[in-house]
Amino acid sequence: SHSPTENSYRIEPVGYIRSPYRQKFAIPRQPGLVKSAIGTLELVAPYNHPDCLRGIEEFSHLWLSFVFHETADKGWKPLVRPPRLGGNARKGVFATRATFRPNALGLSVVELVDVQLQPTPRLIVRGLDLLDGTPIVDIKPYLPYADAITDARGGFADDRPTTDMRIEFSAAAEASLTRAHHVPHLRQLICEVLGQDPRPGYQREQNWDKEYGMHLYEFNIKWRVQEQTSTVISISVD
Ligand code: SAM
């Protein structure tokens, strides 16, 4: 038999993600769905030695292993209700990508945009599905010959989630976008995030003209949904 100490492993962050997503709500369910979600992986000692990154720029994509740190203390259950199945059908935790799982470890593939060694080693990555501050416990290059399986079956999540949501901006929101010129991709980011329709499945049927809110970077964004149109009402800085 294995004693708990024999079979437990110490892992610690090699770095942390700086991401536009400041709360769980509205983060896409998988990487690559919101291409404009650009972030920075800042390495920490002793993993921030430039040698650790030598050759990484040859790869277009990386696997990031991370801890679901925001919810890690909530534990896990053998059965989960994947949002994609409307919240009713239950699947085994190991048949899902649920955040509530043993060891609270996540895995995301991201595009590597840039490698910066100054002032401290960091990776600029695109297509994130991670909360700001997420601890990264490992980084591996994506190997197309081994990792891309074109005839793989995707089970209950076989196709990429799509909506035909149209995005509009109020005059006030347009004015705020103009003022936010230091984040030139903000409009595109908002469009892609709202294009995923982050509302919980059970609220999609009802059209209450409810006001939704999210934070991207320092911006507090409010929107309403009517039929297949999301209208951004305001973009403020708090
Ligand atoms: N691609 C990863 C995977 O398959 O392991 C994550 C998939 S998980 C379904 C994606 C969701 O995790 C996001 O929509 C967000 O709500 C949540 N999330 C992202 N970063 C998190 C963190 N640091 N702690 C807890 N939840 C997080």
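**Close-up views of a predicted model**

**View 1. Overall dimensions of the protein.** A compact globule of 238 residues would have a radius of gyration near 18 Å, and the protein agrees with this at 19 Å; the radius is taken over C-alpha atoms, and the globule rule is 2.2 Å times the number of residues to the power 0.38. This is a predicted model, in which local features need pLDDT of at least 70 and side-chain atom pairs count only at pLDDT 80 or more, while totals for chains, interfaces and linings use all residues. Residues are numbered from 1 along each chain as its sequence is written. The C-alpha trace spans about 60 × 45 × 35 Å along its principal axes. Buried residues make up 22% of the 238 (buried: 20 or more other C-beta atoms within 10 Å of the residue's own, with C-beta atoms placed from the backbone). The secondary structure comprises four helices and twelve strands; these are DSSP runs numbered from the N terminus, with helices being H or I of at least four residues and strands E of at least two.

View 2. Six strands, in the order 1-2-7-6-3-8, close into a barrel with antiparallel pairing (two strands pair if DSSP finds at least two bridges between them). From one strand to the next, the twist averages 45°; axes are lines fitted to C-alpha atoms, and angles run from 0 to 180 degrees between N-to-C directions. Seven bridges join strand 3 (residues 61-67) to strand 6 (residues 105-116) in the antiparallel sense. In strand 6, V109 is opposite W63.

View 3. Four strands make up an open sheet of mixed pairing, in the order 9-12-11-10. Strand 9 (166-169) and strand 10 (211-216) each have a single partner strand at the edges, so one side of each lacks a neighbour in the sheet. The twist here averages 30° from one strand to the next. Strand 11 (residues 219-226) pairs with strand 12 (residues 229-237) in the antiparallel sense over eight bridges. T231 in strand 12 is the bridge partner of R224.

**View 4. The ligand shell.** The ligand is surrounded by 18 residues, the closest being E70, R97, G106, L131 and T134 (near: C-beta atom, placed from the backbone, within 6 Å). The shell divides into six nonpolar, seven polar and five charged residues; Ala, Val, Leu, Ile, Met, Phe, Trp, Tyr, Cys and Pro count as nonpolar, Asp, Glu, Lys and Arg as charged, and the others, Gly among them, as polar.

**View 5. The annotated span.** An unreviewed UniProt entry annotates residues 11-151 as "domain: TsaA-like"; such annotations may be inferred rather than shown by experiment. The end C-alpha atoms of residues 11-151 are 34 Å apart, and the span is 3% helix and 32% strand.

Definitions and conventions: Buried ≥ 20, exposed ≤ 12 C-beta atoms within 10 Å, placed from the backbone.
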